[in-house]
Amino acid sequence: MNAARTDDRVSITVCRWLNSYVVDDAALLRDSAFRGAIDQIDRRVVEELPARCGLRMQQALGEFDDQVWRIRRLDLSFVMDLTAPQGREIAQPWSERIVTRILDVVEDGAEMDGVLRFPNRAVYQARFARDVALGHAWGKWYYEEFQSLANLSPGRAIAEMLAGAPQHGMRTMLHLAQSGDLEMVLTVLTRGDARTIFRSCFSKESNAESGELDSISSGELSRWSGLFLVLLNELPMREAGGKQGDQREALRWISAAALRYPGAEHEPAAYAALSGLLELRRVLGAFGSAIAADRLVCDLVGQRISIDEAIATAWKAGAESPENALRFLARIADGDSDWAAQAAASLNSVSIKPYPSETAFDDESTITRFGGIFLLGPTLVELQLKEVAEAVAGDDEQNHDRAAALRHLVLAKCLGRPRALEALSDSALRLFSGCCSRQRTIAPDGLRFAADHLAGARAVFVEKLIMLFGCEGRFLLAEAIHAPGRQEEVLLLRDLSLDLWLCASALPIDAEGRERGLLSAIDFVRSYTGSLPYVLLAGSLAVFGQRLLPGKCAAGFLPMDGEEASGEAIETLTRIGCISHSLSQEKIARLLASSQAEFSYYSFCDLWPECEIELDLISALLSRTTMKGFARRLMGFQSASAEYIYRNFLEGVGTVHDRRDCIEVEMPRSPFSLVLQLSGLTKQKFTLPWLKEREVCLLPPQE
């Protein structure tokens, strides 16, 4: 049974109604009049009861009127006297009884099996879209109303669902963006699916597609363009689309804008700016050089060339129909060449085509949003990323490409999940990693590794990690973490004294397999630290503490007391020197509370379903350790989160020059540039072993 509010009325849908009659006189079953009465009741159930229930719910729902409820089964009993004058009247008494029962379920139903509550229709549809994208939707009882879409492709099913209820479509898309599920949904949409969703959910609010832009002032157009460009620092973007653009990008941009600037989804000027920027991005994407595109932008806005000359130049570069995009640029820039150059740099960082040469650069410069990533070079060298990547790749003829692809993946993960797709297509990261593939992203088929190679890489990693950080491994925390978008859980083993992730592996479903996996991981770490550790078991692993005995792989197992380590356990471990006095019960609780979010920050397994889980785990370990190692170099920021480090030290547009003898990187101006200077990190020189010892020179930001 489904209950929901649609516009100004309550909708109740009964998927299946089954009447079972119990009579006190078996002779009635042979009475034709009795059977006729039963048939009459069945007809009234179909013809009268739903409407009467809806009316009663309209009056009674009250505070629950925006919510969507899914009730798997509702059992009710009614007593009828068919000989009484009103004995066959069912609409009023039955509807009252049904509504009373539904309200009872609504008040207590969140704790009941077979009852689901959604705050509103948009949240319900967003949940369905997410589950379709993950391949988990079909067969779930609470999606029965969408069963007719089951034979469609995932993207088409989502598009048809949203187009079928356009009054909820915009809110559904915004909820997907707010919950972090929009990117997952966009990956299954074709351009046609995205176009259907944009037109059904957003186009009624926009006059951009109809060309009615003259009524929008240049000031408003410039303001919204600037706001959208600010969002570029947070939006994962793909290559520029074709002549008509890619409306997956339009969905991404307008959803992000609506979350940041409430009301943007209803502003025609916002849609006009969005359309113009996407067109401009497409035109800039036709240039094979960021420098050439930047020169055209500056010359046009600075009025050193005419609009006709700019259009002719863009045509020569291969940009199809560049007229509207360049006129849009001239209009919003209003003669400000510096602003136009910054806008072009932001768009160029994700739209420039791959270079045709075998290397990512050939004595040429490029602008990137991720210039700060080169600050991580010394840490990656210390962690022996070259050796770890080669251990994973193996020694066959494809070794070089696979090792480079893994390094590329590690670098992208250092920038975090919010920038995953954009980072994987960034030219500067390709140069840094030694990934010279002409593809803008890594092909999943290029990331298939043998199990023994992955095991070898884990061994190289943990050995170097223990040596680099002086890790003794005397007190370990074992947690079961949910892998984003996957059914399996992940075992995460960390050294609590130093907050280092030492090992991560997929956990089997069965209890025996989970126990075996836990003991194997502890023994693996012990074999490199040489310590017999105490192990705190968190989450679903705590149950093993009741039966696991200390042995050759552990000095003791300490199950969690609810969601916290007991004070007695902390006191004992502090007394025997396993942990320091500074590692309090509250600090351990904070680490546990943030584990899931931190793991999801580094895990791309749901963004890239083809990627093997073990590969996702080893690359997550490498990326997290790299960020921790870099934070140790910063004065006073050793405990800062990865996102905080990115925002304040790595974020910003930089320029990379690939010279014949070295790589020069003009660093972005970050919020805490002074800290970088005081830490001696702004004018570094180092060599990258995986680039044949090429020297990298970091240059301070230009004034």
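Modeller: Start with Asp181 and Arg130. They form a salt bridge, and their closest N and O atoms are 3.6 Å apart. Asp181 sits in the loop between H6 and H7, while Arg130 belongs to helix H4, so the pair ties together parts that are 51 residues apart in sequence. Keep in mind that this is a predicted model.

How covered are the two partners? Asp181 has 14% relative accessibility, so it counts as buried; the cut-off is under 20%. Arg130 is partly exposed, with a relative accessible area of 27%.

Stay in helix H4 for a moment. Arg127 forms a salt bridge with Asp131, and here the closest N and O atoms are 3.7 Å apart. Both residues lie in H4, 4 residues apart, or about one turn of the helix. An α-helix has 3.6 residues a turn, so residues three or four places apart point the same way.

What is the span of helix H6? H6 runs over residues 166-179, which makes 14 residues. At 1.5 Å a residue it should span 20 Å, and its end C-alpha atoms are 20 Å apart, so the two agree. Gly180 follows H6, and its phi is positive, near 85°.

Which residues of H6 are buried? They are His168, Gly169, Met170, Thr172, Met173, Leu174 and Leu176. What do they pack against? The list of partners is helix H4 (121-134), helix H5 (154-164), helix H7 (182-186), helix H8 (191-201), helix H10 (247-260) and helix H11 (268-284). So H4 meets this region in two ways: it is one of the helices that the buried residues of H6 pack against, and it holds Arg130, the partner of Asp181.

Aromatic residues come next. Tyr124, Phe128, Trp138, Tyr142, Tyr143 and Phe146 form one aromatic cluster. The structure holds 22 aromatic pairs. One of them is the tilted pair of Phe432 and Trp690, with 6.4 Å centre to centre and 35° between the planes. This pair links distant parts of the chain: Phe432 is in helix H20 (residues 427-433), and Trp690 is in the loop between strand S13 (685-688) and strand S14 (694-699), 258 residues apart. Phe432 and Trp690 are both buried. Phe524 and Tyr528 make an edge-to-face pair, with 5.3 Å between centres and 65° between the planes. They are 4 residues apart in helix H22 (residues 511-529), which means about one helical turn separates them. Tyr528 is partly exposed, with a relative accessible area of 32%.

Back to charges, for comparison with the opening pair. A search of the whole structure finds 29 salt bridges. Among them, the side chains of Glu382 and Arg633 meet at 3.2 Å, N to O. Glu382 lies in helix H16 (residues 377-382) and Arg633 in the loop between helix H25 (613-632) and helix H26 (642-650), so this pair ties together parts 251 residues apart in sequence. Glu382 is partly exposed at 37% relative accessible area, and Arg633 is partly exposed at 26%. Elsewhere, Glu479, Arg494, Asp499, Glu598, Arg624 and Lys628 are linked in a network of salt bridges.

One more buried position deserves a visit. Ile90 is in the loop between strand S3 (68-71) and helix H3 (91-108). It has a relative accessible area of 1%, so Ile90 is buried. Leaving aside neighbours within four places in sequence, Ile90 is in contact with Ile41, Arg44, Val45, Leu49, Met80 and Ser95.

For contrast, turn to the surface. Met635, Leu674 and Leu678 make a nonpolar patch of about 350 Å². Leu678 is found in helix H27 (residues 673-678). Its relative accessible area is 58%, so Leu678 is exposed.

Finally, the whole protein. It has 27 helices and 14 strands. Of its 703 residues, 53% are buried. Among contacts between residues at least 6 apart in sequence, 71% join residues at least 24 apart. The protein exposes about 31500 Å², and carbon and sulfur atoms supply 48% of that.

Technical notes
Residues are numbered from 1 along each chain as its sequence is written. This is a predicted model: local features need pLDDT of at least 70, side-chain atom pairs count only at pLDDT 80 or more; totals for chains, interfaces and linings use all residues. Side-chain values use heavy atoms; hydrogens and water are left out. The expected span of a helix is 1.5 Å times one less than its number of residues. Buried means under 20% relative accessible area, exposed over 50%, partly exposed in between (1.4 Å probe, protein chains only). Contact means heavy atoms within 4.5 Å. Patches are made of residues with over 30% relative accessible area and no salt bridge: like charges are joined within 9 Å, nonpolar side chains (Val, Leu, Ile, Met, Phe, Trp, Tyr) within 5 Å. Accessible areas come from the Shrake-Rupley method with a 1.4 Å probe; for residues, only the protein chains shown count as cover. A salt bridge is a side-chain nitrogen of Lys or Arg within 4 Å of a carboxyl oxygen of Asp or Glu. Rings of Phe, Tyr and Trp (its six-membered ring) pair if their centres lie within 6.5 Å; planes under 30 degrees apart count as stacked, over 60 as edge-to-face and the rest as tilted.
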